[in-house]
Structures are given as structure tokens and as C-alpha cells.
Amino acid sequence: MGNAIELETTGIKLSFSTLGCPDWPIDQIIERAAAYGYDGIDMRGCQGVMAVYTLPAFGPERASTKRRLEEAGLVVSCFSSSVTLVADGDKRAANVREITAYAQLCEFFGTPYIRVFGGAIGAAERADACAAAAEHLRELSALARPYGVTLLLETHDDWTRHEDVEPLMALADAGDTAVLWDVHHPYRMHGEQPEDTLAALAPRIAYTHWKDSVPAPDTKHGHHYCLLGEGDVPLRRMFELLRETGYDGWYTLEWEKKWHPEIAEPETALPQYVQYMRALESGQSG
């Protein structure tokens with residue numbers, strides 16, 4: 001995997017998205033990640049700036065950031081971009097610039113992954129949107145390839161169901177791409193059972209996002225996020241199925257505090273996730 005850092009860990013690899021702590025500066029993110037027992041950090045914004053490659057911590061001060069990560073025993077597990085594959089014109093050009101910037105950071109930090117979205121298809125026919133997204137994914141993958149980076153397509157927005165993700169990935173036919181399974185979205189949004197998700201996508205899944213929720217039909221999103229284990233997403237079953245496939249990638253908490261300020265504070269949610277997942281790993285959590 002290019003210059004990816006090999007992390008030494010005795011168990012599953014735990015990371016969290018910085019969406020969960022949108023107000024924390026980079027020093028606090030690193031300090032708390034180490035204190036809570038994480039192995040990595042998924043960079044998705046910092047103190048209100050989503051494009052972290054524009055921040056001093058990942059620009060002129062990046063050597064210092066890398067040193068602090070190493071001293072804390074941490075890695076950047078992924079740089080999560082805002083790129084959407086269904087794009088044209090200025091947006092397409094912006095995607096090229098963003099992927100290039102993140103790929104260069106990946107090489108510097110030894111990070112193997114950049115997350116991308118499929119995006120909304122709008123009024124387009126799905127077949128046409130799939131062809132356009134696949135072509136752009138091939139283009140972006142070619143940009144990331146020299147840096148040893150794999151692009152991750154997340155199960156999100158109009159590309160949440162496995163029957164939509166699978167043809168896009170097959171059509172792209174790019175060796176430097178993989179799937180990021182957000183274990184929540186296919187199940188909650190479409191009732192997709194994890195057995196079906198994995199039957200279709202397991203060979204392509206290289207990274208995972210974890211969250212839990214309870215149905216809330218009268219709300220905008222149709223659910224409320226909650227701490228892991230307090231909702232009804234079948235997390236244990238998902239975990240066991242992943243292990244059966246031989247999955248050895250990251251288990252990343254995506255606590256969307258940035259988008260849902262009403263949910264628990266990071267001081268509560270981030271350590272609770274580590275406790276829950278370590279108990280799940282040992283067979284003590286349900």
C-alpha cells in the first residue's frame with residue numbers, strides 16, 4: 001500500500017472521525033485520541049475547516065503534526081474528502097485539486113485512504129449517473145495511484161444500497177478503489193440486511209464507519225443517533241459477519257456532532273465507543 005504506515009496493535013484497529021469533535025484543535029484531537037485508547041484518527045475537518053489540507057497543521061506545520069501523532073502512537077487512518085463523483089464543470093476541477101492535495105498528504109503521513117462520495121444523481125437516469133461516476137472515479141484514482149492511495153467510496157446518499165454500489169465499482173474497474181461500508185446507512189435507510197451487504201460487497205470493503213440510532217419517523221432524517229449499543233442497529237451481527245469474511249481494516253466511529261449538535265459531547269461518545277468495541281471484540285457486548 002505505497003508508503004502506508006503499518007500499525008502495531010493487539011486487537012481491532014479503532015479510529016474516529018473528527019466530525020465528532022468539530023471544535024477541538026489538532027493538539028487536543030491527538031491528546032484525547034491517545035488518552036481514550038484509539039489507534040488512529042480519520043481527518044474530516046478541524047475547528048470549522050472541512051478542507052484540512054488548507055490548515056497550517058497539514059501545510060507548513062505538518063512535520064510537527066506528524067511528529068506529535070507518532071509520539072502519541074497514532075496514525076491518520078483516512079483523509080475524508082468532500083468529493084462527490086457525480087460532478088461536472090467547476091466541481092469536477094475542484095475534485096481533482098482536492099484529491100491531489102489529499103494524496104500528497106497521504107504520502108507524507110503514510111495514510112492509505114481517501115474517502116469520496118458518490119453524490120446525488122438528481123433527475124439523471126441511474127445508468128447514466130453510474131457511468132459518469134465511474135468515469136470520474138477512474139480519473140481520480142489515476143491521480144491518487146502514484147501516491148500509493150486507495151480511494152474509498154462510502155455507502156452514502158444515492159449510493160447506499162449494495163445494488164447501486166456494486167455496478168459503480170464494477171464499471172469503474174479501478175484497482176486503486178474500494179468500498180467504505182457505513183454499517184448504519186444501508187440498514188437504517190433501506191432496511192438492507194448486513195448479510196446481503198456483505199454477500200455483495202465483502203471483497204471490496206476496506207474500511208468501515210460505525211454509528212447507532214433509533215427510528216424517529218417524524219423527524220427530518222427518520223432516526224436519532226445514539227451511543228453505540230443504545231439503538232437497534234444490529235452492530236454485533238455486523239461485527240461478527242465482518243470477522244467471518246476476514247476483514248482486518250479500520251473500525252471508525254463517525255459521531256456526526258458537526259451535523260447534529262444535539263447529540264452527546266465527544267468527551268462522552270469517543271471513550272464510550274472504545275469501551276463498546278473492545279467489549280464487542282471480546283464477546284462481552286451485545
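**Note on the predicted protein chain**

1. Of the 286 residues in the protein chain, 55% are buried (under 20% relative accessible area with a 1.4 Å probe, protein chains only). This is a predicted model, in which local features need pLDDT of at least 70 and side-chain atom pairs count only at pLDDT 80 or more, while totals for chains, interfaces and linings use all residues. Residues are numbered from 1 along each chain as its sequence is written, and side-chain values use heavy atoms, with hydrogens and water left out.

2. Nine helices and ten strands are found in the protein chain, taken as DSSP runs (H or I of at least four residues for helices, E of at least two for strands) and numbered from the N terminus. The radius of gyration is 18 Å, close to the 19 Å that the globule rule gives for 286 residues, so the chain is as compact as a globular protein of that length; the radius is taken over C-alpha atoms, and the rule is 2.2 Å times the number of residues to the power 0.38.

3. Among contacts (heavy atoms within 4.5 Å) between residues at least 6 apart in sequence, 77% join residues at least 24 apart.

4. In helix α7 (residues 194–201), the buried residues are P194, T197, L198, A200 and L201. Viewed down the axis of α7, they fall within an arc of 165°, so they line one face of the helix, the arc being that of the directions from the helix axis to the C-beta atoms. Their cover includes α5 (162–172), β6 (177–182), α6 (185–190), β7 (205–210) and α8 (235–245).

How values were computed
Buried means under 20% relative accessible area, exposed over 50%, partly exposed in between (1.4 Å probe, protein chains only).
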